[in-house]
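Here is a short report on one protein model.

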Amino acid sequence: DDLAGFTDDHGEPVPVVVFAGRFMIFKRVQQLIEAHHTMRATSGHRSVLVIVGGFPGEWEGEHPFDTVQRLGARDVFLMGWRTHAELAEILGCCDVFGSPAVDEPFGLVYLEAMSAGLPALGTTTGGPVSFINVDPDRPTGWLVAPDDVSAIAGALTEAVSDRQLRTERGRNASAFVRAQYSWSAAATAIAGLYDRHRS
């Protein structure tokens with residue numbers, strides 16, 4: 001059954017964590033795989049990790065496929081490089097976006113995922129700090145220390161085990177991105193810059 005990996009013993013869907021991006025060292029894809037493997041082994045909670053991306057023939061460090069093989073990690077699916085249209089469809093089928101990148105310059109893919117209603121997991125470095133959990137009263141995901149596999153696994157455990165929590169943070173994420181990063185919000189900000197410089 002093609003969907004067997006995405007359902008539990010009762011045929012109910014399990015949470016899906018998704019990463020999308022290039023396989024560069026700073027993205028820490030290997031740490032995400034290790035943390036997901038650790039979470040499943042220590043918490044008893046089951047989820048699927050879907051990895052989208054990896055430009056053909058390009059990677060740094062250990063290839064994610066080799067990480068999966070080395071760990072014996074289960075329920076990790078590498079989907080390869082996809083178009084933006086395909087990515088939008090994939091995001092619509094997932095529950096949590098995970099990318100523990102260190103010093104991510106900005107992170108447009110986080111915003112794409114958040115706009116689709118996925119809470120995002122990132123680290124306390126780089127661009128994600130400017131849009132994940134900006135309002136402590138309306139958290140939009142999880143921020144963890146960089147290069148901390150245990151912290152990543154802990155955040156994944158919380159995200160996977162509590163459907164209400166991840167749904168609420170996903171709604172907050174979508175509302176935040178639409179308010180701060182939509183075309184209308186960008187146009188308003190640019191118009192404000194022009195107005196300030198004219199006066």
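## Terms and basis

Ala, Val, Leu, Ile, Met, Phe, Trp, Tyr, Cys and Pro count as nonpolar; Asp, Glu, Lys and Arg are charged; the others, Gly among them, are polar.

This is a predicted model, where local features need pLDDT of at least 70, side-chain atom pairs count only at pLDDT 80 or more, and totals for chains, interfaces and linings use all residues. Residues are numbered from 1 along each chain as its sequence is written, and side-chain values use heavy atoms, leaving out hydrogens and water.

## Largest pocket

A pocket is an open set of points on a 1 Å grid over the protein atoms alone, where a 1.4 Å probe fits, with protein on both sides within 12 Å along at least five of seven lines; lining residues have an atom within 4 Å of a point. Points are joined across faces, edges and corners, and the volume is the space filled by probe spheres set on them.

The largest pocket holds about 520 Å³ of space. It has 26 lining residues, and those closest to its centre are Val-14, Val-16, Cys-93, Cys-94 and Asp-95. Helices H3 (84-91), H5 (149-161) and H6 (163-181) each give two or more residues to this lining. H6 gives the most, with five residues. By class, the lining has 16 nonpolar, six polar and four charged residues.

## Second largest pocket

This pocket has a volume of about 330 Å³. Of its 16 lining residues, Ala-20, Gly-21, His-84, Leu-87 and Val-109 lie nearest the centre. Strands S1 (16-21) and S2 (48-53) give two or more residues each, as do H3 and helix H4 (108-115). H4 supplies the largest share, three residues. The lining divides into six nonpolar, five polar and five charged residues.

## Cysteines

The whole structure has zero disulfides (a pair of cysteine sulfur atoms within 2.5 Å). For Cys-93, the nearest cysteine sulfur is that of Cys-94, 6.4 Å away. Cys-93 is exposed, at 58% relative accessibility. Cys-94 is buried, at 11%. Buried means under 20% relative accessible area, exposed over 50%, and partly exposed in between (1.4 Å probe, protein chains only).

## Overall fold

The protein has seven helices and six strands. These are DSSP runs numbered from the N terminus: helices are H or I, at least four residues; strands are E, at least two. The order from the N terminus is β-α-β-α-β-α-β-α-β-β-α-α-α.

Of the 199 residues, 45% count as buried. The C-alpha atoms fill a box of roughly 65 × 40 × 30 Å along the principal axes.
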